[in-house]
Amino acid sequence: MEESIGNIGAIQKIQKQYLPYWPLFLIIPILSLLIAYTYIRYTNPMWEIKAKILVSEQKQGISADDIVEKMDMFGEKKEVDNEIEIIKSLPIFEQVVSNLHLNTAIMRKGHVANREMYKTAPVDITVLNPESIIKNLKVPFRLDKDKKTIQFNNGPKFPIDSTLILHDNGTVTSTGTGCKIRVASNLNSTDDEIKDLEFILIVLPTEPMIRSLSSSLKAQATAKMATVIELTFKSTSRIRGLDIVNEVLKCYNRADIQEKRNAAMFTVQFIDRRLAVVAKELDSVETGIEQYKTNNNIVDLSSEANLFLASAEDQDKQLTELTIQLGILDDVEKYVQGKGPNPGTVPSLVNIQDPLLMQLLQKLYESELQLTSLERVNGDRNDAVVALKGDISRMKFSILESIKNIRTNLLTARDKIDSKFSQNSELLKGIPSKEKNLIEKSRQQAIKNALYTYLLTKREDAAISYASTVSDSRIVDPANSPQAPVSPQKQLIYLISLIAGFSLVFVYIFVKEQVNTRIQFRSDVEERTKIPILTELMFTSSADPLIMRNSKRSMAAEQFRSLRTNLTYLGSDRNKRIIMFTSSISGEGKTYVSANLAISYGLAGKKVIMIGADMRKPTLHRLFDTSNKVGLSNYLINASTLEQVIFPTTFENVEIIPSGPNPPNPSELLMNGRIKELLDELSDKYDYIFVDTAPLGLVTDAQLMHNYADITILIVRHDYTPKVAIERVLNPLFTEKIFRELGIVFNGIKPRGVSIYGYGGYGSYGYGYGYGYGYGYGYGSSGYYGEETKKKRSIIRKIRSSLKI
């Protein structure tokens, strides 16, 4: 039960603190939503394009027996990370920019934001020499579709479908040197209503455009062990984004195919060079044999000679293969050292089955490709570039060492074959001299013929491989994108803006009231002192501070009647007649409260006299429009009689004693004993004596009169009295029991937030608790109090007033 009551109390406290500001909770979120709408309306939407590509784990050749299987470039495993770097490499995007003509963009001029018209503009503008673009250019232009003319920068008009020159300053001419642009009608334009509208031509240099696209493309493997790469690209134009991603896939596949074709072509060129040499040698040998047989009348060889030739043919074939492999090693060595005929293409490794050399060459090729991309982006002094160069240098050293070892093995094998051939040469001893010479020539013929046939076979295999080359990668999902953009996300933005609007109001109110060092709530007073609060007086904007003059039935008048009633219950003695009014600082309304309370007593038939005991800053005489030439100070110095310092007022039963001229020593005058004589004499003539004294926090005048006051009323003013004044000035009066009876009047309570009911309504004020007649009836509720007519303020003025704007 207690917990439930505590929750209800907390809810009521929150309501009292925040509910009066309800217009802010309505206006600020609406403004926040309007800002969100404006942001969404004028922010270019962003689409997300995705595609997937499968990287084959093992590149496939024509068959397991042909040359393709023997070439490292066609048989080595790909690494997904390397392929991601190749996809995002600058050469790939250079082709994309060139193929799609992305150096130019046409924007439709809007009132707030411009919109890109990709493939929908009425004209196509293409840069013919992109290398001539040196800086970004924004060139406004107009179209006249009826006259079929285009006008750049308010310059001369040119016919559509023409070639023009765009200069660095944005001017366009028909002749000269500079950036050549081709203007052509766009037959695919879907907007037939575009006529004489303003557009902006955006021209961008190639290199920044390439880097921007490369950095915008995200590529990553779909899983840790997968070889599927997912590409993600964001673009302000859905069609443009789809075209870019699809073109990236095409350029990547073309580059892969071209790489393999280059390797096959290198093989064909190598074999062609060898064929030319072998064919010439074979022709020479065959001619020599023919002439030798003719000159020596030799028709056939003996059986010993045929046996030698059969053995020698097999050995010569092995020597031929070893010779080819040694030649390939020489080409690979030249490639590694950068002296080959085509250093950018890895030579084929025909008949060289060394896995380590194959891996090193493939890694060297990929590292050099990566180095080229890094140097373009970061320059040759970048740390990553320097480190990669070191890795390449170490790889080259390892490759050269591997070539050296392979060459040693091949030379050893050749020496063994030569040794066997020497053994077979013993067969020639029994053959006649003429047959010996013919055998030697026939052997050379067989060698050249076998080599020629072998090379023709390999060349045909390489040519077939070149013609049938396909990419190792396969597009799993082509570029695709949902119709709806991924940003801005309307629902999320509206939700965030709504939450931000409410939060802003909560934070503003909380900070506004927490950092305020002045009294805001009745609870602020009660938490700092045990002095009872007699009543709460609302703030009034009346020009006349004596509100009891013409508003005897107003709400303010009823509040003073409530105070008058509460005073009768203060203490046990109902005949307390000397009431002193003071405050902690100046300006809290003690004179205002005492004067209106005196009038209230006068209207009740009580005879009241007010004494202006604040001789330092007198204000009482001004309220009642009397003279201050003679007053309390004259009486205290025995310069005037009592009858001379009492002045009548326009109010029935109310008279005043003004402060009189300002004395140099007010405190000493109050201590000379004359004040007691004055109060004793007045007590016989008046029902109530109101003493308006100086503030307690500034001087000691009020404390000097504590023995004479039956009741002391302390004025605390809303949003004016410092909180520390309650603790340090007023509360010690109660704890030390300096005064007989103490009570607090909470004065000048203003509405919190904005109230559509003006100066009424419990909820609109919310600072006090509404005791007595102070609250609860509401302003204008059937006219019960006869409230004076006030000039109505607009809701905007009320908000500005409450927020102190």
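Lys 138 stands opposite Ile 202 in S11, in a predicted model where local features need pLDDT of at least 70, side-chain atom pairs count only at pLDDT 80 or more, and totals for chains, interfaces and linings use all residues. Residues are numbered from 1 along each chain as its sequence is written, and side-chain values use heavy atoms, with hydrogens and water left out. The chain holds 24 helices and 22 strands, taken as DSSP runs numbered from the N terminus (helices H or I, at least four residues; strands E, at least two).

**Whole chain**

- Of the 805 residues in the chain, 46% are buried (under 20% relative accessible area; exposed is over 50%, partly exposed in between; 1.4 Å probe, protein chains only).
- Among contacts (heavy atoms within 4.5 Å) with a separation of 6 or more, 77% are between residues 24 or more positions apart.

**Strand S11 and its partners**

- Five of the six residues of strand S11 (residues 198-203) are buried, so the strand is mostly covered.
- S11 pairs in the antiparallel sense with strand S2 (residues 104-108) over five bridges, where pairing requires that DSSP finds at least two bridges between two strands.
- Met 107 has Ile 200 as its bridge partner in S11.
- Strand S5 (residues 137-144) also pairs with S11 in the antiparallel sense, over six bridges.

**The eight-stranded sheet**

- An open sheet of eight strands runs in the order S15-S22-S21-S16-S20-S17-S19-S18, with mixed pairing.
- Strands S15 (533-538) and S18 (647-648) are at the edges with a single partner strand each, so one side of each has no neighbour in the sheet.
- Within the sheet, S17 (residues 608-612) and S19 (residues 654-657) are paired in the parallel sense over four bridges, and Ile 657 in S19 is the bridge partner of Ile 611.
- Helix H15 (residues 590-603) packs on the sheet and touches S15, S16, S17, S19, S20 (688-692), S21 and S22; its direction makes about 170° with that of S20 (axes are lines fitted to C-alpha atoms, for helices over the stretch in contact; angles run from 0 to 180 degrees between N-to-C directions).
- Helix H14 (residues 555-568) lies across S15, S16 (578-583), S21 (711-717) and S22 (742-749), and runs at about 170° to S15.

**Aromatic pairs**

- There are nine aromatic pairs, counted for rings of Phe, Tyr and Trp (its six-membered ring) whose centres lie within 6.5 Å; planes under 30 degrees apart are stacked, over 60 edge-to-face, and the rest tilted.
- Phe 141 and Phe 152 make a tilted pair, 5.5 Å centre to centre with 45° between the planes.
- Phe 141 is in strand S5 and Phe 152 in strand S6 (residues 149-152), so this pair ties together parts eleven residues apart in sequence.
- Phe 141 is buried at 2% relative accessibility, and Phe 152 is buried with a relative accessible area of 3%.
- Tyr 601 and Tyr 688 form a tilted pair at 4.4 Å centre to centre, with 40° between the planes.
- This pair links distant parts of the chain, with Tyr 601 in helix H15 and Tyr 688 in strand S20, 87 residues apart.
- Tyr 601 counts as buried at 3% relative accessibility, as does Tyr 688 at 12%.
- Phe 581, Tyr 601, Tyr 688 and Phe 690 are linked by ring pairs into a cluster.
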